[in-house]
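Student: Hi! Could we go through this structure together, a few places at a time?
Tutor: Happy to, let's bring it up.

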Amino acid sequence: MLGLGIESTAHTFSCAVIEKSGKSGKILSDVRKIYKPADGEGIHPREASRHHIENSPQVLSECLNEADVKITDLDLISYAGGPGLGPCLRVGAVVARSLASFYKIPIYPVNHAIGHIELGKLLTGAKNPLVLLVSGGHTMLLAFLNKQWRVFGETLDITLGQLLDQFGRSLGFASPCGRNIEELASSSSNYVQLPYSVKGNDVSFSGLLSATKTVGKQNKADACYSLQETAFAMIAEAVERALSFTQKNELMVVGGVAANKRLSEMLQDVCKRHNSKFFVVPLKYAGDCGSQICWTGLLESQVKKGVSIDKTFVTQSWRLDSVKVEY
Ligand code: AMP
Ligand code: MG
């Protein structure tokens, strides 16, 4: 089976082709163009969608060329149906819908968050993990039960990615800022006390953001270091409790923030204490990409025939724990 996946939920427009045979999948191409807001600014949804519109023809043709396939070779097309920014989501859906209706190819809307998880499982080999999804759009702890992902903790306000990006922007970095913060944090070991807020097994980051901005005015490196230590310790506490509760013997970290080495280090310690295996999605596939959408579409095709064109909606707030996973 050959699938084309289209991702356009936020800053990234990406197309990927994957060849699936049995349970294995081979990524033949994964091409991305990322919208970059001006330094210190966040994503402007209309500007991001314009970026996606302008870049979609080139990304699509590069993706097909690199995979050495023609559109008519494709068995299915999947697109990120949500959650995400409406204007951005619509670009991916329009491209997918146009190709699917013109070439008469089955089409599948895919939940973006499930895309992160399924590609993570394919690439790490994790079988039945507790999942930590940490990205620009999500901060969630999840375990799979009775055909649905169940939430064992999430953010009550902003996500971990937003925390890092909003703080980074206050220092004047260009978004996304996670990597800059990680670099600067490694030059300090001076911990400044910051608010630590775990409620039940949920986390809250907005107070931490305000307090870190104040520290950042005195010393940027100390602020980055202390921010990482505090936020990641909150996450590690929630992970530890969820591991203990679910008795999972695997932890898998996915999403853009999974690229952070310090986060992995802390979570590896937690896993050691619980005799759990630690998996982290490979760096190249941590952030948003077409492969996540493509692989999930291919999995969906095992149990569904696709949707009719008039059902190819996008849903800005499509929660992953509302999706029935039948494959
Ligand atoms: P995604 O929404 O999955 O594409 O993830 C994007 C998020 O990942 C942004 O908030 C980035 O700041 C964050 N990110 C990327 N690299 C790193 C890193 N090395 N450390 C922490 N966060 C990162
Ligand atoms: Mg994402």
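**Chain end, ligand and a threonine**

Tutor: Serine 322 counts as partly exposed, because its relative accessibility is 48%. Keep in mind that this is a predicted model.

Student: Okay, and where is the place of serine 322 relative to helix H9?
Tutor: Serine 322 sits in the segment after helix H9, which spans 290-300.

Student: What lies 2.7 Å from a polar atom of its side chain?
Tutor: That's the backbone oxygen of arginine 319.

Student: And how far apart are serine 322 and serine 186?
Tutor: In sequence they are 136 residues apart, and in space 39 Å, C-alpha to C-alpha.

Student: Let's switch to the ligand. How many residues surround ligand 1, and which are the closest?
Tutor: There are 20 residues around ligand 1, and the closest are Gly136, Asp165, Gly178, Glu182 and Asp288.

Student: What does glutamate 182 do there, in terms of atoms?
Tutor: An N or O atom in the side chain of glutamate 182 is 2.8 Å from a nitrogen atom of ligand 1.

Student: How much of ligand 1 does the protein bury?
Tutor: The protein buries 91% of the 510 Å² that ligand 1 exposes when taken alone.

Student: Which elements give two or more residues to the shell?
Tutor: Those are helix H4 (160-170) and helix H5 (178-185).

Student: And which domains does the shell draw on?
Tutor: Domain 1 (2-116 + 288-322) and domain 2 (126-285) each supply at least three residues.

Student: New topic: threonine 139. Buried or exposed?
Tutor: Threonine 139 counts as buried, because its relative accessibility is 5% and the cut-off for buried is under 20%. You'll find threonine 139 in strand E7, residues 139-145.

Student: Which backbone nitrogen lies 2.7 Å from a polar atom of its side chain?
Tutor: The one belonging to leucine 160.

Student: What else is threonine 139 in contact with, leaving aside neighbours within four places in sequence?
Tutor: Besides Leu160, its contacts include Leu133, Val134, Thr159, Val203, Phe205 and Ile235. Gly153, Glu154 and Thr155 are also among them.

Terms used: Residues numbered from 1 in each chain as written. Chains lettered and ligands numbered in written order. Predicted model: local features only at pLDDT ≥ 70, side-chain atom pairs only at ≥ 80, totals over all residues. Heavy atoms only, no water. Near = heavy atom within 4 Å. Polar contact = N/O pair within 3.5 Å; in protein donor to acceptor, adjacent residues only side chain to side chain. Areas by Shrake-Rupley, 256 points an atom, 1.4 Å probe, with all protein chains shown as cover. Helix = DSSP H or I, 4+ residues; strand = E, 2+ residues; numbered from the N terminus. Domains from an automatic or database assignment. Buried < 20%, exposed > 50% of the residue type's maximum accessible area, 1.4 Å probe, protein only. Contact = heavy atoms within 4.5 Å.
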